[in-house]
Amino acid sequence: MSVCSTTDAFSQKKAKNPPIFTQVVYQGDDQVYRDNPLKEGEFYNPILQGCYPDPSITRKGNDYYMVHSSFAMFPGVPIFHSNDLVNWTQIGHVLDRKSQLKVHDTGISAGIFAPDIIYNKNNDTFYMIVTQFAGGFGNIVVKTKDPKQGWSDPYKLDFGGIDPALFFDDNGKAYVVHNDAPDRGKELYNGHRVIKIWEYDVEADQVIKGTDKIIVDGGVDITQKPIWIEAPHIYKKNNKYYLMCAEGGTGGWHSEVIFVSDDPKGPYIPAPSNPILTQRYFNKDRKNKVDWAGHADLVLGPDDKYYGVFLGIRPNNKDRVNTGRETFILPVDWSGEFPVFENGLIPMEPKLKMPKSVTENKTGKAGFFPNGNFTYTEDFKSDKLDYRWIGLRGPREEFMSITKKGMEINPFEVNIKEVKPTSTLFYRQMHKEFSFTTTLDYKPASEKDLAGLTCVQSEKFNYVFGLTKKGNDFYILLERTEKGASKILASQKVDINGPIKLQVKASHDDFEFGYALSGNDFTTLGGTVSGDILSTNVAGGFTGNLIGLYATAANDAVPE
């Protein structure tokens, strides 16, 4: 992990009695996995649960690497490794230091959008190209010889738009494709976008001025007013160039479409059978619903068959999305001229057959990332923090440390509603039915001090459940913030004579926050509350619910 200096953030005094979190237990128990136990040779889809959107994948030899959007999370662009497309290990983050990632003053759904990872066999180098809506960056590229050993500082690229992707041809030439607005005065309707291509100078790591060209205008058929053509990738097969894009916007009309050309710069002709992946045509009340499928990337699998990774969502029983956009995979049939996602045009199922070359499903074992139902216990006893734990807008190392007593947070004078780095360690909600329990050792010194749990969809939509002080008394309180307006739902005076246990648990849209003192049973504070504000449907944005171990020296939630 990259440890960054605090001198370029802001001066931070050491708290006299900082909160210490000694254990976390996250338990996910969704009905879909209880109803669909794995049989021999099967694995679960999605392969990554929770907020791991916009996947991109590449291969070198028998090594597969996959990256995802991270917005204002810090570190940014989580990167996973696999040898078989079933068993994945997180090896870190591509953007893990402040010279690469400048999201300190941006909203949670700005920052890092839609990374593309690709291996260039011509120079034995990996590239990650991405849009960073923060820090004056725009579109950037970083590179490495070995993704397990860290990445370069960014090269800033001289073009606008979003969703850039690189393509390296066999002849040594290179190209960048991306989404952009139409030329000035040529936007025909709301959502009208184009795909552009540039030639790319590999030596200078820069697009070549004057080489840009629009290769898709609007989408498959502009007479139908298609919206949000984006997330382009170019693939070469049988000396033809295939351009695959998302179309329809990341929502209920999302899909994946494909074009073909004899030249990387076009003209590109759409396949006659688009889309090649979508979930938009089906009964909205279907069982185990997966929706919004699209934003895909293709790779040749270990069995010499193509596979595609893509985003999708699994809404709760109120048809709201708390877990964010997750990463799915499907086999791809490319036996004809155009690739088609197998079973990608019918309602998706929660299980898949493993590639024939894969002998064992090791998910959740021996360091491999879990999926399905699982329990994750963190005792904060390792000197290396699990990569699943993330900060928001700034490095974790600036506010937390692992001590003999547990994980200590030195609270910033910033609360969760501010667009600044926050002293909170986050874990993604990965199930519709879950519990997240922690033990907190803390005595706040004043009403400005609070520590506990937070559930965050954004700075304007969140819950705070924590321990604070009013006068000479300690209080546990629950605060709901919606559209930036905060309200105390409940508070209770408590006697603090030792550690307190805090818990948030959910069943779909129903959330409960509870506390336990001195070995007693949990007491729910505020009853059952709605998870509506933790959904993108209500809060907007692009993330999933983040559950945080939270501490602040700028608390503004006052017990009633």
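I count a residue as buried under 20% relative accessible area, as exposed over 50%, and as partly exposed in between (1.4 Å probe, protein chains only).

**Ground rules.** I am working with a predicted model, where local features need pLDDT of at least 70 and side-chain atom pairs count only at pLDDT 80 or more, while totals for chains, interfaces and linings use all residues. Residues are numbered from 1 along each chain as its sequence is written, and side-chain values use heavy atoms, with hydrogens and water left out.

**Salt bridges.** I took a salt bridge to be a side-chain nitrogen of Lys or Arg within 4 Å of a carboxyl oxygen of Asp or Glu. The structure holds 31 of them.

I looked up Lys98 and Glu398: their closest N and O atoms are 2.8 Å apart. This pair links distant parts of the chain, with Lys98 in the loop between strand 7 (88-95) and strand 8, and Glu398 in the loop between strand 28 (390-392) and strand 29, 300 residues apart. Strands here are DSSP runs (E, at least two residues), numbered from the N terminus. Lys98 and Glu398 are both buried.

Next came Lys289, which bridges to Asp319 at 2.9 Å between the closest N and O atoms. Lys289 sits in the loop between strand 21 (277-278) and strand 22 (291-300), and Asp319 in the loop between strand 23 (306-313) and strand 24 (326-333), so the pair ties together parts 30 residues apart in sequence. Lys289 is buried at 10%, whereas Asp319 is partly exposed at 40%.

I also noted Arg193 with Glu187, a salt bridge of 3.8 Å, N to O. Arg193 is buried at 18%; Glu187 is partly exposed at 43%. Finally, a network of salt bridges links Lys121, Asp169, Asp170 and Lys236.

**Cavities.** My rule: on a 1 Å grid over the protein atoms alone, a cavity is a set of points where a 1.4 Å probe fits but cannot get out, and lining residues have an atom within 4 Å of a point. Strand 8 (111-120), strand 12 (162-168) and strand 17 (230-237) each give two or more residues to the lining of the largest cavity. Among its lining residues are Asp116, Asp163, His233 and His295.

**Lys405.** Where is Lys405? It is in the loop between strand 29 (400-402) and strand 30 (407-409). Lys405 is exposed at 63% relative accessibility.

Conventions: 1 Å grid on protein atoms, 1.4 Å probe; cavity = no way out; pocket = protein on both sides within 12 Å on 5 of 7 lines; lining within 4 Å. Helix = DSSP H or I, 4+ residues; strand = E, 2+ residues; numbered from the N terminus.
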